[in-house]
Amino acid sequence: MRLSLLCTLGIYFIVLCAAEEGLEFPNFDGRDRVLDINERSYKKALRKFDLLCLFYHEPVPANKGLQKRFQMTELVLELTAQVLENKNIGFGMVDAQKDAKVAKKLGLEEVGSLYIFKDDRIIEFDGELSADTLVEFLLDVLEDPVEIINNAMELRAFERIEEDIRLIGYFKGEDLYYKAFQEASERFQPYIKFFATFDKSVAKHLSLKMNEVNFYEPFMEEPVVLPGRPLSETDIVDFVNQHRRATLRKLRAENMFETWEDDMDGIHIVAFAEEEDPDGYELLEILKDVARDNTNNPDLSIVWIDPDDFPLLTTYWEKTFKLDLFRPQIGVVNVTDADSVWLDMSNDEDLPTAEELEDWIEDVLSGRVNTEDDDDDDLEDDREDFEEDLTEYGDENLDRDDDLYD
Ligand SMILES: *[C@@H]1O[C@H](CO)[C@@H](O)[C@H](O)[C@H]1NC(C)=O
């Protein structure tokens, strides 16, 4: 017994020693970096850091289990702070009760949210609160809000972007018009990507005129030209706000809650498709076609979820929506009660064609397909199932009786 334990320890030790360097995941080192923000400390914190990241939370609960949950959130922030230690980002906790005054002064509104202060702007983080997602998000916020495209290679990279909303403007240099574009970009960083070029051949390739700005909706091949030029900051901001809800948008960890809250009159059309799975890929291509055909329909927005991106949510979705997520699915979800209906794609060979999908979407938008119609049937279905079960049970009993008399 002891020998085997020693052996196990020995093997463990060898494995540890043999581990190569270069892939060491950060572990919380135990040093507290997250500040307790209060009336005395908040101004100093704002001055001191390039970014200040504040978690606005409910008072710490008395219940042990809930306390653990709170501590887990705190740990996410601690680990993020540790990983980004040399980036001059401050982290802090603001208690909704104890620090109510500070919260008001800072303009924090939603309890349970994370707010990032950059210069004189507030950015709300509406994504999954995990260290991976948060680190990536904060690094994006640290960057310049406008990326300059100087050459053909950068242009190709720009053209490969598909999932983001992006704008590109052509300017003479860092003049007033460029400044207006830059100011507008700051309002949307890091959710909407802004690019600019001062290069004539890049502009020519994109058919951009001087001081013109193009808007690319996700998954669209052709951009929309912003009307008028030169454009003021307000022109650009208004246009983006109006066109922000894309016809096809991908659910992403960095802003998943924002996307989900932006529903269409209480519902979402949701497509589950794994891009790396042949069926999923196929459905996605069909969806892109449908989106391109219907890009001017302001009532249509399809949320595409790649289950691969959300391993922790997959079983929850399967249970809530009664789905098999190993296959692509498209349906309607009521965001109030998570009630849903899904397009029947049980015939393995046949994904719907773009036309069939468009017909179905039309039915959804007109209300012919909805989550409510079957609500009474649900009860009936349950009763039928129950009766069937009873009959089966009866049959079994009969069989048993037969056995008895044999
Ligand atoms: C969503 O569900 C709620 C609660 O069941 C219901 O009142 C509402 O009408 C539904 N919305 C739509 C658009 O079906």
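Which helix gives the largest share of the negative patch? Helix H13 does, with 4 residues. This is a predicted model, in which local features need pLDDT of at least 70 and side-chain atom pairs count only at pLDDT 80 or more, while totals for chains, interfaces and linings use all residues. Residues are numbered from 1 along each chain as its sequence is written, and side-chain values use heavy atoms, with hydrogens and water left out. Helices (H or I, at least four residues) and strands (E, at least two) are DSSP runs, numbered from the N terminus.

**Charged surface patches**

- A patch is made of residues with over 30% relative accessible area and no salt bridge; like charges are joined within 9 Å, and nonpolar side chains (Val, Leu, Ile, Met, Phe, Trp, Tyr) within 5 Å.
- Lys and Arg count as positive and Asp and Glu as negative, while His and the chain ends are not counted.
- The place of a charge is taken as NZ of Lys, CZ of Arg, CG of Asp or CD of Glu.
- Accessible areas come from the Shrake-Rupley method with a 1.4 Å probe, and for residues only the protein chains shown count as cover.
- At least two residues of the negative patch come from each of helix H11 (278-293) and helix H13 (354-366).
- Glu356 belongs to helix H13 and is partly exposed, with a relative accessible area of 46%; the cut-offs are under 20% for buried, over 50% for exposed, and in between for partly exposed (1.4 Å probe, protein chains only).
- A patch of positive charge on the surface gathers Lys43, Lys44, Arg47 and Lys48.
- Arg47 sits in helix H2 (residues 42-48) and is exposed, with a relative accessible area of 66%.

**Strands and sheets**

- Two strands pair if DSSP finds at least two bridges between them.
- S1 pairs with strand S3 (residues 89-95) in the parallel sense over 2 bridges, and the bridge partner of Leu35 in S3 is Gly92.
- In strand S12 (residues 267-272), 6 of the 6 residues are buried, so the strand is largely enclosed by the rest of the structure.
- Ile267, Ile269 and Ala271 point one way from S12, while His268, Val270 and Phe272 point the other way.
- S12 runs antiparallel to strand S14 (residues 329-334), joined by 6 bridges, and Ile269 has Val332 of S14 as its bridge partner.
- S12 runs parallel to strand S13 (residues 302-305), joined by 4 bridges, and Phe272 stands opposite Ile305 in S13.

**Salt bridges**

- Side chains of opposite charge can pair when their charged atoms come close.
- A salt bridge is a side-chain nitrogen of Lys or Arg within 4 Å of a carboxyl oxygen of Asp or Glu, and by this rule the count comes to 18 salt bridges.
- Lys288 forms a salt bridge with Glu162, with the closest N and O atoms 3.3 Å apart.
- Lys288 is in helix H11 and Glu162 is in the loop between helix H6 (152-160) and strand S7 (166-170), so the pair ties together parts that are 126 residues apart in sequence.
- Lys288 counts as buried at 5% relative accessibility, whereas Glu162 counts as partly exposed at 29%.
- Arg292 and Glu221 meet in a salt bridge through their side chains (3.7 Å, N to O).
- This pair links distant parts of the chain, 71 residues apart, with Arg292 in helix H11 and Glu221 in the loop between S9 and S10.

**Backbone features**

- Most residues other than glycine have a negative phi, and most peptide bonds are trans.
- The peptide bond from Gln189 to Pro190 is cis, with omega near 0°, and Pro190 is in the loop between helix H7 (176-188) and strand S8 (193-197).
- Lys322 is a residue other than glycine with a positive phi, near 50°.
- Lys322 is in the loop between helix H12 (314-321) and S14 and counts as exposed at 75% relative accessibility.
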